[in-house]
Amino acid sequence: MLALLRNQKIRGIFFQLLTVIGLVAFLWYIGTNTMSNIEQRGIQTGFGFLDGTAGFGIDQSPIAYTEENTHGRVFVVGLLNTLIIAFVGILCATIVGLLIGILRLSNNWLIARLAKAYIDFFRNIPLLLQILFWYNVVLRAMPSPKQSFNFFDIFFINNRGLYFPLPEYNATFFTMLASVIAAFIASIVLNTWANRRKLATGKDFMVFPFAIGMLILFPVLAYFIGGSHLNFSYPELMGFNFKGGKTLSPEFLALTFALTIYTATFIAEAVRSGIEAVSHGQKEAAISLGFSPYQSLKLVVLPQAIRISIPPIINQYLNLIKNSSLATAVGYPEIVTVFAGTSLNQVGQAIEIISMTMLVYLIISLLVSAILNWFNHKMKIQER
């Protein structure tokens, strides 16, 4: 035995195996001890509660929901609301962060200082306070529905939310929606072909004008193919509130504003550091080739800066997804508020509900991380 332990490879395997056995034994002890305590106290276990009637309403549900639905339905509603706020927050924070990161390095003294002030101010205020500020100080201070801010008689904003037109779901709408998806797919295929062509021949192909053309032309053709019946439901003031159209609640708006503004500061710093990490010689080479500042930024600097910025940006996306759980402070019905909150208070099965909620955030974060790591790998410079 001593002779075997002197072998570095065998010793390494032995200690790793010992560590695994110790970890499994510890987890087994924790699990059996927990189940024993639960049984002694007569606490109900299992996932049968998911089939029980919830008995409470949810104001903002992307799918049909009533008080007679089950706790399983509550879980689905909370999950969908979490995915919606995460998607909207990531999209808006990326756009704002990229813009602020570029402006942070502007040659214009005033613009650069304003971008820096934005980053320094919002990055150093706790996110929860920003959510409460937007909800209580800004949105709740809006006028009542009768005194709503009116934009072109189709957009209205007041202390009950933002109201805007909603298209009716008919054949024309779904045909146009399919055409937009087809245009995006065609643009991706065209961009892939252009990249391969550039690697093979060194010749550029302007994908952007064709992509814009397809995004305009395809829906127009789909409008006529689908029957030319695209109708909208417009918000109208009836009594004390608006009816019709689509409503974005103050809770959703407050959470979106806060997550976007807060996360964008970190994305902006990642973009700035990525741009500054690009060799100065690259910028000088672009100038010597006669590139304008815009062309230099678009064709030389940003493609290299994005490769450097992606890893820290991934972390900010994951933080945004997890920070969305702070929605419980303003009552937005995401998974922590309605499932790990209201449902937990009713059924009392904390182990199952908290475990399911933790698993949801774990799976979402791992999926987002996997997708962005794949994108990061595709963005690597292909060496010959």
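Author: Start with one definition: buried means under 20% relative accessible area, exposed over 50%, partly exposed in between (1.4 Å probe, protein chains only). R123, at a relative accessible area of 28%, is partly exposed.

Reader: What kind of model is this?

Author: This is a predicted model, where local features need pLDDT of at least 70, side-chain atom pairs count only at pLDDT 80 or more, and totals for chains, interfaces and linings use all residues. Residues are numbered from 1 along each chain as its sequence is written, and side-chain values use heavy atoms, with hydrogens and water left out.

Reader: How many salt bridges are there?

Author: Six. A salt bridge here is a side-chain nitrogen of Lys or Arg within 4 Å of a carboxyl oxygen of Asp or Glu.

Reader: Which residue does D120 pair with?

Author: K116, with the closest N and O atoms 2.8 Å apart. D120 and K116 are four residues apart in helix α4 (residues 109-123), so about one helical turn separates them. Helices are DSSP runs of H or I, at least four residues, and strands are runs of E, at least two, numbered from the N terminus.

Reader: Is D120 buried or partly exposed?

Author: Partly exposed, at 31% relative accessibility. K116 is partly exposed too, at 32%.

Reader: And what does R123 meet?

Author: E269, in a salt bridge of 3.8 Å, N to O. E269 sits in helix α8 (residues 250-277) and R123 in helix α4, so this pair ties together parts 146 residues apart in sequence. E269 is buried, at 17%.

Reader: New topic. Where is R140?

Author: In the loop between α5 (127-139) and β1 (149-151). R140 forms a salt bridge with E251 (3.5 Å, N to O).
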